[in-house]
Every structure is written in C-alpha cells, then in structure tokens.
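Good morning, and thank you for making the time. I would like to walk through this structure slowly, starting with its open spaces and then turning to its packing and a few single residues.

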Amino acid sequence: MTTTPRIGVYPGTFDPVTLGHMDIIRRGAKLVDRLVVGVTTNASKSPMFSLDERMAMVRREVETIGGDIRVVSFDALLMKFAEREGASVIVRGLRAVADFEYEYQMAGMNQQLNDRIETVFLMADVSLQPIASKLVKEIAIFGGDIAKFVSPAVRDEVVERVEKIGRRGD
C-alpha cells in the first residue's frame, strides 16, 4: 500500500530570512514529508533584496536542516500555489496576538477557497518571538547589531546591502 506524501507549504517574503523563520522551517519540516518554502513578492512591502537574492538566501540557510525541503518562488494566491505543489497543509508561524488575528482571518479565507488544505500554526520559540524581518532591516539601517536575529551569512548580506543604500542615523 502506497501512501501519498504529506506536503506542506510555508509561504513568506523572507526579506531577510530570520532565525524565527528558520525555527518554523525546522519544526514544520518535521510535520510533513516535504516542506515547500514559498518565497513570494508582496506589493505592500518594499524589499531590501530581490526575489532571486531571497531565494538564494533561503536555499543556503535550509541546506543544513535535512529532510525534504524545497525552496520555490511564487506570485499567485497562496491557495493556488499550495494546490499546484500538491500541499495538504499550510504552515504559518505566530509571534504575538496581533499575528494571530491576521493569520486567523487569512486561514478562514483560505478555507473558503479550498477546504481540503489545512492551516497549521506554529508558535515561534519564545526567544525568537520578537524577531520580524521589518525590524531586522530597521535595526541594520540605523546601525544596530542584528547578529541575534539572523545567521552570520544573512547578517553579512544585510550589512553589505545597508552599506550600499546608506545607513541612517549617523
């Protein structure tokens, strides 16, 4: 008897990928046979890194995790992307109550679009809960140390990008 592999999708902009994202990827990968990390664009956010740069960053960071993890880009409705990937689960990370309210609404809308795909919420590790890509970028732009929030390689990439665009607050 063959069973269909359980595929999960973890979507995000990952601009940049943080230790919080990596925590959710590591834990989410344990829940499914294959985890597809979907790197997307978001018109409401102004990314520091291009889609290709973010894809390369996430691919490099997940290499050490092990398991069946794919990193792909998408520019579509999340549920259309999940259907295309054959996913039965959407993995979402939660940091705070504000995240829950937004994610709860999104999960409800996604269920209306396709009730065969479940949304699973993973609470971020307590030590990682305050981390948000937006805040990491702000700290870096104003000359703060982001080493506690991202891997050394991502830190170097962010610092290099900030040097190109110019640091504020000096």
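The lining of the largest pocket divides into 21 nonpolar, 13 polar and nine charged residues, where Ala, Val, Leu, Ile, Met, Phe, Trp, Tyr, Cys and Pro count as nonpolar, Asp, Glu, Lys and Arg as charged, and the others, Gly among them, as polar. Please keep in mind that this is a predicted model, in which local features need pLDDT of at least 70 and side-chain atom pairs count only at pLDDT 80 or more, while totals for chains, interfaces and linings use all residues. Residues are numbered from 1 along each chain as its sequence is written, and side-chain values use heavy atoms, with hydrogens and water left out.

The volume of this largest pocket is about 1,200 Å³, and of the 43 residues that line it, Gly12, Thr13, Lys45, Arg92 and Glu103 are the closest to its centre. Among the elements that each supply at least two lining residues are β1 (7-12), α1 (19-31) and β4 (89-94), but α4 gives the most, with nine residues; helices (H or I, at least four residues) and strands (E, at least two) are DSSP runs, numbered from the N terminus.

On a 1 Å grid over the protein atoms alone, a cavity is a set of points where a 1.4 Å probe fits but cannot get out, whereas a pocket is an open set with protein on both sides within 12 Å along at least five of seven lines, and lining residues have an atom within 4 Å of a point. Grid points are joined across faces, edges and corners, and a volume is the space filled by probe spheres set on the points. Thr13, Asp15 and Arg54 are among the residues that line the cavity, and by class its lining has one nonpolar, five polar and three charged residues.

Let me turn to the packing. In the largest nonpolar core, which has 32 residues, Ile25, Leu35, Val37, Val58 and Val158 touch the most other members, and α1, β2 (34-40) and α6 (152-165) are among the elements that each supply at least two residues. Apart from this core lies another, of twelve residues, including Val9 and Met79. Such a core is a set of buried Ala, Val, Leu, Ile, Met, Phe, Trp, Tyr and Cys residues joined through side-chain atoms within 4.5 Å, and buried means under 20% relative accessible area, exposed over 50%, and partly exposed in between (1.4 Å probe, protein chains only).

A cis peptide bond, with omega about 0 degrees, joins aspartate 15 and proline 16. Most residues other than glycine have a negative phi, and most peptide bonds are trans.

Finally, which residues does arginine 161 touch? Leaving out residues up to four places away in sequence, arginine 161 touches Met48, Phe49 and Glu53, contact meaning heavy atoms within 4.5 Å. Arginine 161 is found in helix α6 and is buried, since its relative accessible area is 16%. A polar atom of the arginine 161 side chain lies 2.8 Å from the backbone oxygen of methionine 48.

Notes. Polar contact = N/O pair within 3.5 Å; in protein donor to acceptor, adjacent residues only side chain to side chain.
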